[in-house]
Amino acid sequence: MKTRITEMFGIEHPIIQGGMHYVGLAEMAAAVSNAGGLGIITGLTQGTPEKLANEIARCLDMTDRPFGVNLTFLPTVNAPDYPGLVRAIIEGGVKIVETAGNNPAQVLPFFKDAGVKVIHKCTSVRHSLKAQAIGCDAVSVDGFECGGHPGEDDIPNMILLPRAADELEIPFVASGGMADGRSLVAALAMGADGMNMGTRFIATKEAPVHENVKRAIIAASELDTRLVMRPLRNTERVMTNPAVEELLRIEREKGDDLKFEDIIEQVAGVYPRIMTEGDMDAGAWSCGMVAGLIDDVPSCKELIDRIMAQADAIITERLARFQAG
Ligand SMILES: Cc1cc2nc3c(=O)[nH]c(=O)nc-3n(C[C@H](O)[C@H](O)[C@H](O)COP(=O)(O)O)c2cc1C
C-alpha cells in the first residue's frame, strides 16, 4: 500500500510501532521494520548517548530497513542529556525520529540539517498545527483511547482524526486503539495516511518483554485500563492492578493537594520490574483500551501481513458492496 507516510519514510506498509519505554529495544524495532513497518527504538530507555548509540548499532545489525528513534521530552528536573541523545541519533545514521511529550522546536534544526524526518506525537489538533508550523514532517495523532499519555482534552479518535484531517496539510498517522485491518481502513477513511500502534506490538513474539506482560494484555478487556495522574495534569492510561487501584485511592484522598511524591512508589522506576522481570503488580504501566481487541501473540510479520490482508479485503469486498449502483 502506498501512502504519503510510506513514501516519506521509505517503508512498505503504513504501520508504525510507537516508542515504548522498556519495550522499544532494538529487537522490537528491527522486527517491525523487517516486517515492512517502521520500528522505533525508545531513546530514554537507554538514557545516555553512549547506550543509545549502542542500541542503534545493534538495530543496524538486525535490519537493513529504515527504523526510527523516539525522543520523549519529559516534565522533569533531572533532564536527560538531550543534546547528546540527538547527536547519537544523527551520528548513528538514523533518518527518522518520533518526538513526543513536548514541543520539539529546540531539536528540530539539528535534525533538519542532518536530513532526519521528524514525526511528532500530538494529542490535539492545536498541538498538531503547532508541530506543522514549526516544521515537523508529519504527526502522529494520539486519541483518548491510547495507551500512555492521552493529554487532558479527552477527545477520542472518531472525532480527533477527521478534525486533524480538516486542518492539517502535512501527513498524519492515527494512533491509539489501532489493532487490525479494520483500524487501518478506518484511519485511512478518516484522513490519516497510516497508523501507529503501541499496545498491539507488545503482544508479539519478538517484543522483548516478560511473557507475563503479553499474558496480561491478552487477559485484559477494554474495561481494564485506568487514567492516573490527572490531578497532576500528566494523565496516563495504564493497566489496572492493585498498585494502580492504591494510586487512585491516594489521588481521591489527597484531592487537589496531590503531589508527585505521594504516588512515587506506584510510578517511579517500575518499568524494569514489570517489563523485564514480569512483576505485574509492581506499579503503573501504560496500556491502551485496545487490549480488549488483542487475543494472540503473533510474530510482527504475521501481525502486519494479517493487517494488510484484512485491510485489503475490507476495501475490495466489504466496502465495495456498499458502493451505489
Ligand atoms: C508500555 C507503553 C510504553 C510507552 N512509552 C512511551 C514512551 O516512552 N514515549 C512515547 O512517546 N510514547 C510511549 N507510549 C505510547 C505509544 O508510543 C503509542 O503512542 C500508544 O501506545 C498508542 O496507543 P495504543 O497503545 O492504543 O496503540 C507507550 C505506550 C505503552 C503501551
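Reply: The dialogue below moves from the overall fold to single helices, the ligand shell and the loops. Please note that this is a predicted model, in which local features need pLDDT of at least 70 and side-chain atom pairs count only at pLDDT 80 or more, while totals for chains, interfaces and linings use all residues. Residues are numbered from 1 along each chain as its sequence is written.

Me: How many helices and strands does the chain have?

Reply: Helices (H or I, at least four residues) and strands (E, at least two) are DSSP runs, numbered from the N terminus. By this reading the chain has 15 helices and 10 strands.

Me: What radius of gyration does the chain have, and what would a compact globule have?

Reply: The radius of gyration is taken over C-alpha atoms, and the globule rule is 2.2 Å times the number of residues to the power 0.38. For 325 residues the rule gives a value near 20 Å, and the chain agrees with it at 19 Å. Along the principal axes, the C-alpha atoms fill a box of roughly 60 × 45 × 35 Å.

Me: What share of the contacts joins residues 24 or more positions apart?

Reply: Two residues are in contact if their C-beta atoms, placed from the backbone, lie within 7 Å. Among contacts in the chain with a separation of 6 or more, 63% are between residues 24 or more positions apart.

Me: What percentage of the residues count as buried?

Reply: A residue is buried if 20 or more other C-beta atoms lie within 10 Å of its own, exposed if 12 or fewer, and partly exposed in between, with C-beta atoms placed from the backbone. Of the 325 residues, 47% are buried.

Me: Is Ala-26 buried or exposed?

Reply: Ala-26 is buried, because it has 22 C-beta neighbours inside 10 Å. This residue lies in helix α2 (residues 26-34). Beyond its neighbours within four places in sequence, Ala-26 contacts Ile-41, Glu-55, Arg-58, Cys-59 and Met-62.

Me: Which residues touch the most other members of the largest nonpolar core?

Reply: In soluble globular proteins, nonpolar side chains tend to be buried together. A nonpolar core is a set of buried Ala, Val, Leu, Ile, Met, Phe, Trp, Tyr and Cys residues joined through C-beta atoms within 7 Å. The largest one here has 93 residues, of which Ala-29, Ile-41, Val-139, Met-195, Ile-202 and Ile-217 touch the most other members. With neighbours within four places in sequence left aside, the contacts of Ile-202 are Met-20, Val-23, Ala-207, Val-209, Val-213, Lys-214 and Ile-217.

Me: Where on helix α7 do its buried residues lie?

Reply: One looks down the helix axis and takes the arc of the directions from that axis to the C-beta atoms. In α7 (residues 125-134), Val-125, Ser-128 and Ala-131 are buried. They fall within an arc of 120 degrees, so they line one face of the helix. The face turned away from them carries the exposed residues Arg-126 and Ala-133. The cover over the buried residues includes β5 (117-122), β6 (138-142), α8 (157-167) and β7 (172-175). After α7 comes Gly-135, with a positive phi near 110 degrees.

Me: Which residues of helix α11 are buried?

Reply: In α11 (residues 211-219) they are Val-213, Ala-216 and Ile-217. Their arc is only 100 degrees, which puts them on the same side of α11. Glu-211 and Ala-219, on the other side, are exposed. Among the elements covering the buried residues are α10, β10 (236-239) and α14 (271-276).

Me: How many residues surround the ligand, and which are the closest?

Reply: A residue is near a molecule or strand if its C-beta atom, placed from the backbone, lies within 6 Å of it. The ligand is surrounded by 29 residues, the closest being Gly-18, Ala-100, Gly-147, Gly-198 and Gly-288. β3 (67-72), β8 (195-197) and α10 (199-202) each supply at least two residues of this shell.

Me: Is Arg-233 buried or exposed?

Reply: Arg-233 is exposed, because it has 9 C-beta neighbours inside 10 Å. It lies in the loop between β9 and β10, and its phi is positive, near 55 degrees, in a residue other than glycine. Met-229 is in the loop between β9 (225-228) and β10, and has a positive phi of about 65 degrees although it is not a glycine. Met-229 counts as partly exposed, because it has 19 C-beta neighbours inside 10 Å.
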